[in-house]
Amino acid sequence: MNINEIMNNYFILGSFVTLILIILTLVIIDSKNKKIKIKNDEKELRKLEIEKEEAEKKAFDEQKKIEEEARKARDEARRIALKEERKIEEEKKKAEIESMRRLELEKEKELKKLQEEESDLKKREELEKKLKEEAEKKAIEEQKRIEAEAIKKQKEAKEKAELEQERIAEERKKEKEEAEKRKKEELKKIEEKGKTFKEGLAKTKKSGFLGKLNNLFNETDELNDDFLDELEELLLTSDIGPKTADTLFEKIKEGMDKKSIKDSKSVIEFLKNETFNMLDIKFEEKNSKNPYIMLFIGVNGSGKTTTIGKLASQYKKEGKKVLLIAGDTFRAAAVEQLEVWAKRSDAGFHSGNDKQDPSSVIYDGIKRGIKENYDVIIGDTSGRLHTDKKLMEELKKIKRSAVKAHNEAPHDVFLVLDSTNGQNAIHQTKYFNEAMDITGIVLTKMDGTAKGGVIIGISDTYNIPVRYVGIGEGINDLKRMDVKEFVDALYSND
């Protein structure tokens, strides 16, 4: 082997060793990279596990919080229910005590009556004996008196004849003066009669539901599908309410199908008859009760206090003795306003102390009215939003206080509604009626709005009679509802 071969072998061996070192280096580097990757993966996995643990802890805390709130809600509900049960038990206990007290009073009264009857019988026997003795004595004296009386009567007869002539002359003079006075009063009544329904409904007829209907008929007199579409839109957008609008539309459509409604005139006549039927709700007139007790309710600004004042004036003109009760203790201005109306109408006025509970004011006022022999007792209440549940509950409390003061009270509960509120007045009726069992509606400001159609929607939706309608500022512009006169005025051509 020569030197070249040896050198060549060393070179090959060196290359092989070098290759092996390179491979070993690459293996070591790859191994380190895998270890680094595994370490990083372990860190990432640990991080995910920590996040998972935190999420589970957070979810656990949230669940615990929800369970705690639910527990508190259940405890509060149980507490309220327990409180209400205690309240009912207390009221029941009070009612039983009151019933026992009344029974005891009735027994005492009956016993006293029997004792008085026994005493009266004994007194009558003694009196009859005494009267008999006196009668015998008086018989002798009477004979003498008759003789003297005959002489005296002859003299008095002459004097009476002269006085009678003078009396007749005086009566004739008085009758003449009274006739003149009655004539003046009749003239004054004519002057104070106030607006008619026709005058008060002018805006409703011109711009409201009927005005729009007349405009529709001016455009076309043909009753076809286009007319029905326009009529349906008109009814639904008017202030009579969706329920009433749908009822009227379906009946008109049915009438057209049956050919009983052929033209615009028959549509108007149909609506007039339906309006009368919806408004003509029967109710029991209780104003003959003595005392006649009323409560007025409604939202602020509806004209409640003014209505009470006008009604008080009307009852005073009928010769009734009227008492106004200021049950709105939250607003000093409301008490002052009612007091002004009381003075203006010459009515009695009752108010409580500053911030006194309204129900106790109503109770005291009714008791005073009964004691002082008032014919009419009218209770005002604070104005409130129909959506305020707390204040609506207070109304129920006021009604219970009225019943305690007089077992038939209140004879009437009037809800005062502002006609300018349109369909909102229908919503107010729903909530107030649920709280107080309304017996009558008073619609105010009918002369100042085109939304008078709301009167139809209220009567049809809740079957509550409209008892009074305000059509002006004057005292006599508060009109007692006359359905026929109202409907005739609403649908009149002029």
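This passage goes through the aromatic pairs of the structure and then a few charged residues. The model is a predicted one.

Start with the rings. A pair of aromatic rings is described by the distance of the centres and the angle of the planes. There are three aromatic pairs in the structure. One of them brings together Y292 and Y315, with ring centres 6.4 Å apart and planes at 65°, so this pair counts as edge-to-face. Y292 sits in strand β1 (residues 292-297), while Y315 belongs to helix α8 (residues 304-317), so the pair ties together parts that are 23 residues apart in sequence. Y292 and Y315 are both buried.

Another pair joins F414 and Y468. Here the centres are 5.9 Å apart and the planes meet at 75°; angles over 60 degrees count as edge-to-face, so F414 and Y468 get that label too. F414 is part of strand β5 (residues 412-418) and Y468 is part of strand β7 (residues 466-470), so the link runs between parts 54 residues apart in sequence.

K321 lies over the face of Y374, 4.5 Å from the ring centre. Likewise, K430 is found over the face of Y431, at 4.7 Å from the ring centre.

Back in strand β5, there is D412 to look at. D412 has a relative accessible area of 1%; buried means under 20%, so D412 falls in that class. The side chain of D412 makes a polar contact of 3.3 Å with the side chain of R467. Leaving aside residues up to four places away in sequence, D412 touches K286, Y292, I293, M294, L295, T439 and R467. Among these is Y292, the tyrosine that pairs with Y315.

K289 makes for a contrasting case. K289 is located in the loop between α7 (264-279) and β1, and its relative accessible area of 33% makes K289 partly exposed. With residues up to four places away in sequence left out, K289 touches D375, E408 and H411. As for E254, 35 residues separate it from K289 in sequence, and the C-alpha to C-alpha distance between K289 and E254 is 46 Å.

Methods:
Residues are numbered from 1 along each chain as its sequence is written. This is a predicted model: local features need pLDDT of at least 70, side-chain atom pairs count only at pLDDT 80 or more; totals for chains, interfaces and linings use all residues. Side-chain values use heavy atoms; hydrogens and water are left out. Rings of Phe, Tyr and Trp (its six-membered ring) pair if their centres lie within 6.5 Å; planes under 30 degrees apart count as stacked, over 60 as edge-to-face and the rest as tilted. Helices (H or I, at least four residues) and strands (E, at least two) are DSSP runs, numbered from the N terminus. Buried means under 20% relative accessible area, exposed over 50%, partly exposed in between (1.4 Å probe, protein chains only). A charge sits over a ring if NZ of Lys or CZ of Arg is within 6 Å of the ring centre and within 35 degrees of the ring normal. A polar contact is a pair of N or O atoms within 3.5 Å; within protein, one must be able to donate a hydrogen and the other to accept it, and residues adjacent in sequence count only if both atoms are side-chain atoms. Contact means heavy atoms within 4.5 Å.
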